[in-house]
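Subject: Structure for your review

Dear colleague,

Please find below the structure that I am handing over to you, together with its sequence. My notes on what was found in it follow directly after.

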Amino acid sequence: MKTIKRILSASAALIISLQFANAQYTVKGTVKDNETSQPIPGAAVSVPHTTIATSADAQGMFTLQSPANFDSISITSIGYAAQTIAVGDKSQSITVMLKVSSNELSEAQVLGIKKAQTVNTLTQADLNRTSGLKLQDALNDVPGVDMQARTQWGGQRITIRGYIPNVGLSMNFNGLGYQMYIDNIPVTDATGMTVMDDIDFSTLGKVEIYKGPTPLYGSYIAGAVNLYTPVVNETSIQEQAIGGSYGLFRTNTTINVAGTNSGIYINYGHQTYGGFRMNDNSLKDFITFAGQFKPSSKQSVSTFISYSHSVEHLAGEIDSAAFYKRNIDSVNNSFYALNTSMVEIESFRAGVTDKFQFCKGFSNQSTLFTTSNTLNQPFAHGFTKDINLSFGGRTAFMYENVSDKLTVDGTLGFSFEKTNQMIQGDFILPFIANSPFTSSTGGMIPSDAQNYAMNYAIFTNWNFKLPSQITFTLGGSLNFQEFGTQNYYTSAFSQYTGNPGFLPFTSNGVYLNYPQFTKPFAPVFTPSASVIKVFSDNVSVYASVSEGYSPALISEMTNSLGKVDSALKPESAMQYEIGTKGTVMNHKLSYQLALFDMDITNRLIQENNNGISFYTNAGEQRNIGAELYLAFNAINNKDGAITMLRPWISYTYSNFKYVDFKVYGASKSGGDTVLNDYSGNKAVGVAPNVFNLGIDFATKAGFYVNVKFQYVDKVPVTFDNGSSAEAYSLLGAKIGYMKKIGTHFSVDAFVGADNLTNSTYYTFLFYGANIKSLAQTPDGGSGDGYILPAPFLSTYYGGLTLKYTF
């Protein structure tokens, strides 16, 4: 009996000891970006001074287990400042907010080491390297990206990897070929047009640029641009004032309210600018509200609401002779001034995004949004008035399954957007010989139309993570596009043209019903595939192939007389890319190198025949390029007298040419007579070489300096390469003092200058088959007005920011 008791006691002791031996101390949580509140996949989580470690999944979630108890964890991710936090009650899920490192990879951050696609990220430090008011100042530092603006503060157009869609007047004014979002809400409407006059760039906390088609963002040929407002992690009030040359004055009043499970950001911005040219002044007012709320550990809700009123006066383009003589107020400019030409936009944008975690490895993110705006645009020879209303939604389900041999995570979603437009206006033409709608005194083309565009897509993207840190990715999107238009012309048109045969009216001006035309495009499936190999979490090499498309706009499917060309095909492209990116030399040197080949077919261009303008599919274009980014942290010591010294460079090489690129004149469907063959010529609008060099410097005392140099090569602007904008170089610098004063106050005071070398350069170029035919000059287009000049002399700015933190 005693023997049995001893055996039972020993067994019990063994079981208890095994239970203690197998005991696991577990902590769960989520790692997010402090500025955008977006999850940080792949973030490393570890117990300090041990080998116990794990990494965050695609949703930024992690589970860390240890056989021994621990009271703190360390979290690291490339491009973010490392954090070590205390862990008390391990039964509660924690949220870790990583801050982007101020001394690591500040410029065009290499955050996408584990992404098999070139993705550049700009932080607030990058966006504020100059005045912080112009997005192009930061975006043009990114290799392969060019942002221009028709005025000093509006009419922005972004070109990614030289893709300039639908070359003609419409593309010369706003962005095409890419999708843009702000806090998950589309800025790009359903027609494919991206207008940025109503975006307050000074309030952004982060910008991401995806180069090339990506199925998660509509598979547009050029890619996608994501804008984010700052994440609120403190309660504060802030006032900023910036003044500069030519009457620039900007104020921002910002209120941040941070709660345990919420954060609210409110900003009011007011800006005036006197202009350096005749009729070049502007006025802007912005109100921005962004909120982040966490109702439960499984759910988070974010909201974005904005109102803006923007008035950008148009000084008009000038020809090359006037430009290089620095005659900025030429004859053409006077026509803009006499008609008080401007772009006035009043807009409202709102959206809500809900993120819900159903269980480990399965979640959903859904967004509903609406955008409305009115456009009033008198220009040199007419006016346009538009009313636009867009609405839609997007939902995506995210799944992850982790095993010892294979980890699979993926996204399956659906997006929808519809835009309704009402357009009215008149375009007054000078006399054009043989034109069917101009008399000896000229003519007028009125517009009165109701249009709509609708697109929806089913998209998916799946990552298969194998041992040895190799990941295969397969994705694609099935894209649907539909347009509709109905034109209503007034009988007054026949009084100007004397030719009612082109109009829906009888000879006595009686209105004839003009039916609505709809064009549902055939569904387009755009696949993508990639493979990436990661070495020691710091360096990766990758290869990818992706297909994209860009449909014609409503305005491009109708000629200047309102006739619809239903035979137009969307532009399509296939992009092949290989590259490597990472950080080496103990994180001192950061780099990104990409080589790509983008083949674009069914290029759409604008043509003109006897005063009638229309679009045709002209042929193919091949973009072969290389992009390089390097940054070296020579000094990165927060405790030293000099806390940061970082030189950086970016370089873009572009060998972009037309292939089988022909212009047929009247229309290809009406005959095969080739008027011009531009095959083999350089693609318009792209500089073969662009080089940026910068130095960022900061001290523990609070002083900082940013210096930047840029060189832009000669740019062809006509298909025959007969007209070009000459190369130029720019030098700019900013000096400031940033310091926290006491417990609650902080100050940032700075002065800066652009174009210190007084270079002759431009802010915007027009492109086309023949720039002379696009010019709006008194003799009907004998000039070559395609240049919007920048100030030829140095411009200066200074600012002061005061913040009180509660």
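Strand S1, which covers residues 25-33, runs parallel to S7, and 5 bridges join the two. Within this pairing, Gly29 of the chain stands opposite Ile94 in S7. Please bear in mind throughout that this is a predicted model.

The pairing of S1 and S7 belongs to an open sheet of 3 strands, in the order S4-S1-S7, with mixed pairing. Strand S4 (61-66) and strand S7 (94-98) are at the edges; each has a single partner strand, so one side of each is left without a neighbour in the sheet. From one strand to the next, the twist averages 35°.

A second open sheet holds 5 strands in the order S8-S13-S14-S11-S12, and its pairing is likewise mixed. Its edge strands are strand S8 (119-123) and strand S12 (185-186), each of which pairs on one side only. Strand S8 pairs with strand S13 (residues 206-211) in the antiparallel sense, over 5 bridges. Thr123 has Lys206 in S13 as its bridge partner.

Strand S18 (residues 282-296) and strand S19 (residues 299-313) run antiparallel and are joined by 13 bridges. They form a hairpin, with 2 residues between them. One of the bridges can be located through Gly291, whose partner in S19 is Thr303. Strand S19 also pairs with strand S20 (residues 342-359), again in the antiparallel sense, over 15 bridges. On that side, Val301 has Asp354 in S20 as its bridge partner.

Strand S40 (residues 728-741) is joined to strand S41 (residues 745-754) by 9 bridges, and the two run antiparallel. Lys740 stands opposite Ser746 in S41. The hairpin of S40 and S41 has 3 residues between the strands, and Gly742 in this hairpin takes a positive phi near 70°. Strand S41 pairs in turn with strand S44 (residues 795-805), in the antiparallel sense and over 10 bridges. Here Ala753 has Tyr796 in S44 as its bridge partner.

Which residues are the closest to its centre? Of the 22 residues that line this cavity, they are Gln179, Tyr181, Gly218, Ser415 and Asn455.

Several strands contribute to the lining of the second largest cavity. Strand S11 (178-182), strand S22 (382-401), strand S23 (407-429), strand S24 (443-466) and strand S25 (470-487) each supply at least two of its residues. Strand S24 gives the largest share, namely 4 residues. By residue type, the lining of the second largest cavity divides into 12 nonpolar, 8 polar and 2 charged residues.

Finally, a word on the confidence of the prediction. The protein chain averages a pLDDT of 83, and 82% of the residues score at least 70. The pLDDT is below 50 over residues 431-442, a stretch that has 30 contacts in the model beyond near neighbours in sequence. Over residues 773-783 the pLDDT is also below 50, and this stretch has 25 contacts beyond near neighbours in sequence.

Yours sincerely,

A colleague

Terms used:
Residues are numbered from 1 along each chain as its sequence is written. This is a predicted model: local features need pLDDT of at least 70, side-chain atom pairs count only at pLDDT 80 or more; totals for chains, interfaces and linings use all residues. Side-chain values use heavy atoms; hydrogens and water are left out. Two strands pair if DSSP finds at least two bridges between them. Axes are lines fitted to C-alpha atoms, for helices over the stretch in contact, and angles run from 0 to 180 degrees between N-to-C directions. On a 1 Å grid over the protein atoms alone, a cavity is a set of points where a 1.4 Å probe fits but cannot get out, and a pocket is an open set with protein on both sides within 12 Å along at least five of seven lines; lining residues have an atom within 4 Å of a point. Ala, Val, Leu, Ile, Met, Phe, Trp, Tyr, Cys and Pro count as nonpolar, Asp, Glu, Lys and Arg as charged, and the others, Gly among them, as polar. pLDDT is the predictor's confidence in each residue, from 0 to 100. Contact means heavy atoms within 4.5 Å.
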